[in-house]
Amino acid sequence: MRPETLTDGSVWLDVPTAADIDVVTKLCQEPSIGEWTSMPVPYQRSDAVEFIGEMIPSGWALRSPTWAVRTRPDGDLVGMIGLTDNGDLSAEIGFWLGSAFRARGLMTAAVALVCDYAFRPDEPGPAGPVAMGLVRLEWRAFVGNHASAAVIRRAGFQFEGTIRAGAMQRGTLRDCWIAGLLHDDPPGPVGDWPEGI
Ligand SMILES: CC(C)(COP(=O)(O)OP(=O)(O)OC[C@H]1O[C@@H](n2cnc3c(N)ncnc32)[C@H](O)[C@@H]1OP(=O)(O)O)[C@@H](O)C(=O)NCCC(=O)NCCS
């Protein structure tokens, strides 16, 4: 796929580069990132080198794009968001933000941009497809991740249940929540999420 910058004028998403390695290493020391994702703990500079230098380029080649989240064009990376191809015109969304950049709607805006990119028809441009033409986006989070659930609920995902031992975290299976968004779901938050999530 052809990487392109996505923006709504408040947040900028582009492909992370080697220049982002040190800031990713620094931001990923934040305990909540290790707690709620499957990223390595402790997070080492070599993890960022491998992720940015190898995993992100191969992800883009395999319909599993990752973007840096920035608050201005060419600004410092403040978080990341990505899609992992599930096959069958479906992908799983994942994201994190540095703790200093939370509670101001940045990830809510980033998720909206990525959902739009994922669902737009993948008409080929001169240098490759410019979107993905997916039918379904899926979100899975370890049970108790209310901050992530709030972002995904605002994006219009429907809660679909709890999967026991549904996701692996550093060698341990944990229960997870699952939610989905279809390309033709109505826009806006869905009201019928269970109380307390
Ligand atoms: C999940 C995570 C990215 C959510 O971060 P966040 O700052 O809560 O999300 P947003 O950037 O969308 O900000 C939303 C918050 O900003 C507030 N906000 C302010 N202006 C806003 C706006 N214009 N639009 C939306 N929200 C706005 C919201 O009310 C919300 O705060 P609240 O939860 O206190 O109500 C963050 O907690 C994180 O990185 N956690 C660790 C990693 C993780 O869990 N990743 C997900 C794994 S499934």
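Two strands pair here if DSSP finds at least two bridges between them; helices (H or I, at least four residues) and strands (E, at least two) are DSSP runs, numbered from the N terminus. You're looking at a predicted model, where local features need pLDDT of at least 70, side-chain atom pairs count only at pLDDT 80 or more, and totals for chains, interfaces and linings use all residues. Residues are numbered from 1 along each chain as its sequence is written.

**Stop one: the sheet.** Select the strands and you'll find eight of them in an open, mixed sheet, ordered β1-β2-β3-β4-β5-β8-β10-β9. Go to the edges next: β1 (6-7) and β9 (158-169) each have a single partner strand, so one side of each has no neighbour in the sheet.

**Stop two: β8.** Now pick β5 and β8, which run parallel and are joined by three bridges. Click Ser90 and look across to β8, where its bridge partner is Arg136. Glu92 likewise stands opposite Glu138 in β8. Then bring in β10: β8 pairs with β10 in the antiparallel sense, over seven bridges, and Trp139 stands opposite Ala179 in β10.

Show the side chains of β8. Which of them are buried (20 or more other C-beta atoms within 10 Å of the residue's own, C-beta atoms being placed from the backbone; 12 or fewer is exposed, in between partly exposed)? Leu137, Trp139 and Ala141 are, and they point to one face.

**Stop three: the helices.** Select α5 and colour Ser148, Ala149, Val151, Ile152 and Arg153, which are buried. The buried residues of α5 pack against α2, α4, β8 (136-142) and β10 (172-182), contact meaning C-beta atoms, placed from the backbone, within 7 Å. Just past α5, Gly156 takes a positive phi of about 100°.

Note on methods: Two residues are in contact if their C-beta atoms, placed from the backbone, lie within 7 Å.
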